[in-house]
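Good morning, colleagues. May I ask you to turn to the structure on the screen, and I shall take you through a helix packing and a chain contact.

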Amino acid sequence: MRTSSGRLSRLIPYVVVLLGLTLVGGLYTAFLAPQSSATEAPDAGAQSMAVKAGRDLYLQGCSTCHGLNLEGGAGGPALQGVGASAVVFQVESGRMPLANAGPQADRKKPQYSVAEVDQLAAYIQANGGGPQLPSLDNAELTDGDLQEGGELFRTNCSSCHNFAGAGGALTYGKYAPRLEPASARVIYSAMQHGPEQMPRFSDGQLSEEEKKAVTYYVRYITRAAQPGGSDLGKFGPVPEGLVIWLVGIGALVIATLWIGNRA
Amino acid sequence: MSTPMDPQGGRTGGAPTPGAQSTGGQTPTNEPIGGQSSFDAAGSVRDRLRSPGPQSSGGDTRGSAINEGDFEQSDSRADLHEGGRDERQLSASRTPEAAEIQEPRTEDIDPAAAKAAERLVSALFVMSFLGVVGFIVTYIFAPFQYGVEDGNQAYTPLLGIFMMMALGGVGAGAVVWAKRLMPDEEAVQERHPFGSDPDERSATGQALKEGLGQTQLPRRSLLRNTVLLGAGSLALLPVPLLFSFGPFQHKERVLRETSWRQGVRLIRQNGTPVNRDDMQLGGIESVFPDVPRGTKAADSAVLLIRMRPEELRSEQAEGWSVDGYIAYSAICTHLGCPVKLYEQQTHHLLCPCHQSTFAADRGCEVLFGPAARPLPQLAISVDDEGYFVAQGDFDQPVGPSYWERNPTSSYGRDV
């Protein structure tokens, strides 16, 4: 008994200190909370800086077609309400600025850096709002539920984008692009806002986690090593059959002729 | 024969005794040393093809020198005997080939070349052996788990390479062996006439006639008629089977009906129902009937599309859609491929198999391609909890045309 009570008494100072800290912390939270917005002020400042920088970029590079106030024009649609998500998709993948009019915008070498894309996105987001990307770094997306992502991809995406993400043709010159060059942000934003002809997959259909799983799956399959050698564009039986018949059977025929000549 | 040689030199050097011909010709590889023996073997066969009589001096006339006596002498070769019968008639036309046959190979006259050929064949067989060993060792001991970073990516290719060595070594060795060491001879064997000879034919006819007489059918009409009745009616047996193909026995219900019923919810592949608040404009959803094994029902796949209500210009019947939500069978009316390639701005639905294009905003009318008719529309409504339900089954069979499909009738669905 003596020893146990002695131990107890030795614990008392720690308990007092812990209680004191909790009390101070609680009081700080309760009464000094408004100050926390002051700590966010630098962030907001950076945000407004990004919006300002984005406005400059927009006026230089985009306003000719999309209008000085995002109202759209003869060359391009209005951008109010498209959100940061659409900006990331169109600009980071190089589709915007548009090179020439056609059935659909083609992927090109990006004209803006990722930082500039973020500034443009901040400007568009600040003027009209719209869907926003969750925090999603291209380099960060290194893990996810591959099985779930694969099932969702095959159900929702593979009919147009091909089982291996190799893309495919649509009607009248349009096409579903190859997914291999797309960054994680581009893939996610495409599902989120449905660019051009692509259907939109709202959070009610595919939750944020499910979209991330699909994104990770796409990144995974488009970068996985090919154990069977060349994938022939991953278009499936048509190019494979073509190669078998032209190259394979052709080689056999030539070999047969050669053997026949030697005989 | 690809090596130009002096034919005379090859022949004169290798003329063996008649007694050695048969053994040498049949089992050249049983000889102890390859070089000289293969030369002997090849030489002996050629000598048998040549006339034993007056020695011909030129290559051109060698073929015509083949005569009857030559083949009767070479009693050890039955196939040459048979060929010999027609050889006589063909000898004139065969002359150039016959000359070619007798041109010796390098291996026939040069023991060193023959030895080299033997070494090559042996090397190929050893390669085959190594391939077998490598295959077995790889199969049993090598780690087989495939992995992009940490696994063994070489496992399958190694198995393939070793198997190629094993099979290819034997095959290539056999080819080289046969072409460079075994006796080089060519023989023509004519087919015998296909028809039976006249005597045999008349004898067979006679036997048939006698047989008919022995059955007594010509005399006993009762027997004849009952045989015709019993055996002849067998021909009727397959007739009822034909009805299986026709409209009488057909369970057209299977083709006509799907799993959709009134009040059945539209569920996703993972089993969750679709709420009217789930989708945004321009969204699509692959849905199935909420019945047991509904997501596996191949005929019940449906594509639910949401567009602006004002964009929906027409549908297949009034009141089948809900506020711009419209549902079509996802099975192409051409050949049954899944039609899920939806373009949210043009509202085109494309079948990937043959490019049939449907206008989803105009009752799925066919814009392009081989499809014969629009995709059937599934009438939908919303239940009390806001989830989509079917108003009933499709009003027409889904998928491709079939024989009994009646294009004009609507199959008993009260709308």
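In chain A, helix α4 (residues 83-92) packs against helix α7 (residues 184-193) at an angle of about 130°, and their axes are 8 Å apart. Helices here are DSSP runs of H or I of at least four residues, and strands are E runs of at least two, numbered from the N terminus. Axes are lines fitted to C-alpha atoms, for helices over the stretch in contact, with angles from 0 to 180 degrees between N-to-C directions. Because of that angle, α4(A) is oblique to α7(A); angles under 35 degrees count as roughly parallel, over 145 as roughly antiparallel, 65 to 115 as roughly perpendicular, and the rest as oblique.

This is a predicted model: local features need pLDDT of at least 70 and side-chain atom pairs pLDDT 80 or more, while totals for chains, interfaces and linings use all residues. Residues are numbered from 1 along each chain as its sequence is written, and chains are lettered from A and ligands numbered from 1 in the order in which they are written.

I turn now to the two chains. In chain A, 22 residues are in contact with 28 residues of chain B. Helix α6 (residues 146-161) of chain A gives the largest share of chain A's side, 4 residues.

Finally, chain B has 13 helices and 11 strands.

Note on methods
Contact = placed C-beta atoms within 7 Å.
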